[in-house]
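Q: I am new to this structure and would like a close look at a single part of it. Could you walk me through one enclosed space and then the side-chain contacts that go with it?

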Amino acid sequence: MEQRLKDSIGIEQFPQGNKPLSPQAMASIRSLIVNPHTSDPTLSSVLETLTRSLQIGGDLLYLHHTLKLLTDLASHHPNLSASILDLLRSSSLLSSRSPGLATEFVSAMASISSSVIEVDEASFVSLCFGPSVSARMWLLRNAEMFGVRRSVLLALLLGFTRDPYPYVRKAALDGLVNLCESGDFEDRDVIEGCCCRAVELLQDTEDCVRSAAVRAVRVWGKMLVAYIEESNKIDYSDAIFIQICSMVRDMNVEVRLQAFDALGKIGPVSEGILLQTLSKKVLGITKEKKSSSYCPMEWLEIPASNAAGIIVHGLEDEFYEVRMSACYSLRTLTVFSAKFAGEALNLLMDMLNDDSRSVRLQALETMHQMATCDHLKVEETHMHTFLGTLFDNNAFIRSVARKILKIVKLPKLKLFKQCIDSLLENLETYPQDEVDIFSVLFYTGQNHGNFTVQIIMEVSEEIEPVFGGKLSLDSPRVAAFLVLAISAPLSQEKIANCIPPSIFSYAATLLGRISHALSDVMNKDTLLVYLSKCSQSSDFSLTDFEREGLSLPALVSVAPPHTCLGTSSSVKMPLLDIGNEASEVLSQKLLTLREWSTSHAVCQQRELDELKEFVNIIFGKVNDLWLLVQSGFTTEALKTLRACREEVATFPKESPGSAGVLAFTQQYIGVMKLLTEVWQHLVPTRKIKSYGMGNLEIILEKLDRRLRDMRSRFIGLSIEEELQILDLTVVACLLRLSKAEFCCYHGTLKRLSSTISHVEFLYKKGSLDPYNFLTEVKKSLHEIGTYIGGGPCKPFVIRRLLNSFSPKQFSLCGSPRYANTELEVSGNDSENPLPFISGLPACIPLEITLHNILNENRLWLRITLSEELTQFVFLDLNLTGGGNDVRKFTFMAPCYLTPNVASFTLRVCIGMECLFDDIHLAKGSGGPKHELTYISPEKEVYLSMRLKTE
């Protein structure tokens, strides 16, 4: 075949001729290039042929196809990349008068080379000023790939912020942002010029430009403030802040989102400006600010009244995303002023009644940050609204509300009683939250020692044994009072009265229940010693506890300061005129604040740890439901699983690593839901819901696909987490084998056997004790195989194994990364189809972004014309370059499915080969040998024989 293609092209004679290649010859050359078995001598001849073709020249379309063939040759055969790169660099067409063609040359060189492309600066600038808008945008977006000096690039980007095309202006602004974030600039005039230009573009008529301008004002404004004298920093910071405030009322949602995001990252702002953001009426302090501020640059002079009520405006926005962003910006701003935090609290309390769960959750997270910085001063008017969140339908919202109660300081006994009463009612309404509620009661009592003693004295009769000397241990209310009571001696307050020693004796009878809730405070043995000491002496205190040599973590009255702020800033707040002592305290706080701001990574890790803690609670709930499933209550179990899934969907995904954790949790809940649906069909239930055999097969296929996804698409799973997935895989195999109607015994049995072998390997690798269920399955494997191979299936052995299964309790320890891809065909739709010639391969330019894909993964591009006509193209990850986290590249996919029609549509997606599966597909050569798990949604590609004319 190879020789026949060479003969049809005349590849041996072409280098000596001057005749351009025909379309048929180009198609044959492409076939030789993409064929992995083409010999090296033939590839060398192809390279010589294409080199000669490039030298002969021709029209733009001919040169475009020749250049594309050279790029494909370098992509499929890396050993020729250096030669092709040298050819392109030395080509006279690189300095062609056609900017589009020259840009294609530069783009081809960038796709082939793995290092910076050294391009003559004059040529690069000339290409940027060419008539092709798309070429200009591409060059600006990828400017860092070329060895252009920073000074030249800065001048170029500033110049193109005045381009008549809006997307070019946006690309220039984005380039300026990247340039600012990539390194420090020492020339203050340059920084002022960039910031000034960004401020001017805040008034641009195009939404995308204004959005990019907000980001540019933020990054260049912060850099400008860093170079200002200490005495004037706050004035410049205020000016930048007010400039961004002016964009909060923009008509475009994306601009408003960017504005609030920027407001939370500017850094410290004077208290007067902050207070103005909460009032639509212009305050007197703001009027004074305008006359006394030192801001010599005219382009920064803007009325402070522009900040009037912008926080109110954001919290009242019709789009919940904007309301969320406004709440998030308050997380940082409330750190800078206790007075501002107190007034902002009234607005945040209103947000607790928002229709969106995401907004309510973000408002509570902001209040938690305020409490962490000791800026949350709860008044009596706030208590009813705040305590109402303890009864929210969403467990995550309830939990965050309790986290606030752990650290907030209540000034009055009346408020403390309201809090305790609500927690007791909360325990009655949500008994499944007992562990969390007991923990809150302990910390709350610890932070309010005297209030706790007074309440315990009032309810002591309720705690004392009833007639006959029996305690009401089955009463959650009594258990809650006991938890509250035992916290009082550990308070740092000077307690006037003491808790009766008998109370601690009563608490000892609930040792296991209480120690489970206080596991983050002390272990079971320490708790027992503590209760024993307190039951013997009424004067036992925290000092005595430490003198006994018992270990106890730091008390939670106010959380560590570094959690107050997640955004670094170099701006200093001036000392306010509030007296020398208070001024010094404020100065020290602000000095410490700058130290806290450097621990952004610590804050993000803390948020991720909290998320994993809640996710593990979900795992526990889901696994506990299996007893309901085995008892026949599958309908109730399915309802709970759906509720858990909806609950996980509300979790925030902003912190790094959270996306993988949430994706894994969603997949796990989905697998348990499908297992429940299959069980509902195979096992008699109290409410029988029968599925047809076809429907059951569909559910089993979905279950297999989900399990393949979990094994393939998550990177960084621990051995315990991988074993949990394999346990579920074994159960899925047994469920499939339990139905005699299915005729896939051999394949399923082989998959079951390989899964058990892999489980044994992991147990040995992790030095873990084998799971009884898997041990029984392994013992019965031969028996199952005998029944299946020798005649009709006898399902009682499989049924016995299934009845012995119960999911293991496990915790998500690490932060798994989720593998997925994004697939785009730029500018392609039904009105702008790609050209093709019937019977010849078509070229599909795909813009691919890979997230968390490793080099050892095998990716395949699936191109589908119909159910019967499907083509697979292998993606060689070694040619894409970049890291394992995010890789972006353009791939020219050859499509051989070109029918004899005027136009048609293809469906394209990317799949990952499941290399762990021993089941090989019976496909023709060139396709995947294992099952695929698809990691991108299908993308429609439109093609037409009608060529667009320029």
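A: The lining of the second largest cavity has 4 nonpolar, no polar and 2 charged residues; here Ala, Val, Leu, Ile, Met, Phe, Trp, Tyr, Cys and Pro count as nonpolar, Asp, Glu, Lys and Arg as charged, and the others, Gly among them, as polar. Its lining residues are Ala 371, Asp 374, Leu 376, Ile 407, Val 408 and Lys 409. The space inside this second largest cavity is about 40 Å³. A cavity is a set of points on a 1 Å grid over the protein atoms alone where a 1.4 Å probe fits but cannot get out, and lining residues have an atom within 4 Å of a point. Points are joined across faces, edges and corners, and the volume is the space filled by probe spheres set on them. By this rule there are 3 cavities of 30 Å³ or more.

Before going on, a word on the source: this is a predicted model, in which local features need pLDDT of at least 70 and side-chain atom pairs count only at pLDDT 80 or more, while totals for chains, interfaces and linings use all residues. Residues are numbered from 1 along each chain as its sequence is written, and side-chain values use heavy atoms, with hydrogens and water left out.

Asp 374 forms a salt bridge with Lys 377, with 3.5 Å between the closest N and O atoms; the term means a side-chain nitrogen of Lys or Arg within 4 Å of a carboxyl oxygen of Asp or Glu. Asp 374 is partly exposed at 39% relative accessibility, and Lys 377 is partly exposed at 45%. For this scale, buried means under 20% relative accessible area, exposed over 50%, and partly exposed in between (1.4 Å probe, protein chains only).

Salt bridges that share partners also join Arg 398, Arg 402, Asp 433 and Asp 436 into one network. Arg 398 has another contact, lying over the face of Tyr 430 at 3.8 Å from the ring centre. A charge sits over a ring if NZ of Lys or CZ of Arg is within 6 Å of the ring centre and within 35 degrees of the ring normal.

The count of salt bridges comes to 35. One of them brings Arg 256 and Asp 317 together at 2.8 Å, N to O. That pair links distant parts of the chain, 61 residues apart: Arg 256 is in helix α14 (residues 253-263), and Asp 317 is in the loop between α17 (310-315) and α18 (320-333). Helices (H or I, at least four residues) and strands (E, at least two) are DSSP runs, numbered from the N terminus. Both Arg 256 and Asp 317 are buried.

Another salt bridge joins Arg 210 and Asp 207 at 2.5 Å, N to O. These two residues both lie in helix α12 (residues 207-226), 3 residues apart, about one turn of the helix. Arg 210 is buried, with a relative accessible area of 9%, whereas Asp 207 is partly exposed at 34%.

Notes:
1 Å grid on protein atoms, 1.4 Å probe; cavity = no way out; pocket = protein on both sides within 12 Å on 5 of 7 lines; lining within 4 Å.
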